[in-house]
Amino acid sequence: MESQESQNSQAEIDNSLEVNQQKISGIWDNIMAFLHELLDIRKDSDRDETIESVRKDISFQGHNAWILIFSIFIASIGLNADSTAVVIGAMLISPLMGPIVGMGLGTAINDDTMLRRSLINLGVMMGLSLLTASLYFLITPMKEITSELDARTYPTILDVLIAIFGGLALIVAKAKKGTISNAIAGVAIATALMPPLCTAGYGIATWQLKVFGGAIYLFCINAVFIALSTYLVCKLLAFPMVKYANQAKRKRVSRLASLIGFLVLLPSIVLFYQLLQGPIKTKCRESIYE
């Protein structure tokens, strides 16, 4: 009798545990379904339209060339006057982002033509930007380095993170059906592609190679990691590959992109550590003297 009762009791416990497990499993499934619906971007992405949009933004001639020149002058004046508001305005005008996104997308879909056009246009844009900024800083009587200029000469790991998350936000906004324009404008401000080029022009005009090197390095960090972020998102969203693409070439380009990213990331970590050690050492000296 007691054995029968214990068996019934054990069966009730087992049934209760099974019911609880089913409830927990149901809650977990509901949570996962909610998160999938909340975060999934594949359904609402227009891949073909995104490719065409990026392809159009790569072009650099006529109007875009003059817009770049004017925005470089505005940014240089803002940096020279130590005005953050003016620098932000210039960043919103600049068309520099197009070829960088084109580099990442061209690599992701193995479009040699897009990648080549992007690299050529980015090189021309950089050259024109450096020439314009150098000309301004040669002419202006105010040669002292301002805090706005100085801030663009010491890239750190934080700049890498800004470029990565900015690039991710940019390509996700571009991929959505009906592009999110305010997100694109925000990325242009956050990643700050133009001020480093203007600062590099200041370094050329005043013959300060350290300023030039730091500013160019910051620009390269932004450009490379925005392109890499674009590459990763386009792969995740399964953008269509061009018909003449081959597997071996795509792997080779992907490895090269990863190598470039690592080579840019490593020195930035060292710089971040050095800059972090500066304030710590200063505080230690102050506590010793106290």
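This report describes a predicted model of one protein chain, with attention to helix H10 and the residue Thr199.

## The chain as a whole

The chain holds 12 helices and zero strands. Read from the N terminus, its elements therefore run α-α-α-α-α-α-α-α-α-α-α-α. Of its 290 residues, 40% count as buried.

## Helix H10

Helix H10 covers residues 194-205. With 12 residues at 1.5 Å a residue, H10 should span 16 Å; the C-alpha atoms at its ends lie 17 Å apart, which agrees with that expectation.

Of the 12 residues of H10, 11 are buried, so the helix is largely enclosed by the rest of the structure. Among the buried residues are Met194, Pro195, Pro196, Leu197 and Cys198, and the list also includes Ala200, Gly201, Gly203 and Ala205. The cover over the buried residues of H10 includes helix H3 (63-80), helix H4 (84-93), H6, helix H7 (147-150) and helix H11 (209-236). Just after H10, Trp207 takes a positive phi of about 55°.

Thr199 lies in helix H10. Its relative accessible area is 0%, which is under the 20% limit, and Thr199 is therefore classed as buried.

Which residues does Thr199 touch, leaving aside those up to four places away in sequence? They are Leu79, Leu149, Arg152, Thr153, Val211 and Ala215.

A search of the whole structure finds three aromatic pairs. One of them joins Phe137 and Tyr202, whose ring centres are 5.2 Å apart. The angle between the planes of Phe137 and Tyr202 is 80°; because an angle over 60 degrees counts as edge-to-face, the pair belongs to that class.

This pair links distant parts of the chain: Phe137 is in helix H6 (residues 112-139) and Tyr202 is in helix H10, 65 residues apart. Are these two residues buried or exposed? Phe137 counts as buried at 1% relative accessibility, and Tyr202 is buried with a relative accessible area of 2%. Together with Tyr136, Phe137 and Tyr202 form one aromatic cluster.

Methods:
Residues numbered from 1 in each chain as written. Predicted model: local features only at pLDDT ≥ 70, side-chain atom pairs only at ≥ 80, totals over all residues. Heavy atoms only, no water. Helix = DSSP H or I, 4+ residues; strand = E, 2+ residues; numbered from the N terminus. Buried < 20%, exposed > 50% of the residue type's maximum accessible area, 1.4 Å probe, protein only. Contact = heavy atoms within 4.5 Å. Phe/Tyr/Trp six-rings, centres within 6.5 Å; stacked < 30°, edge-to-face > 60°. Expected span 1.5 Å × (residues − 1).
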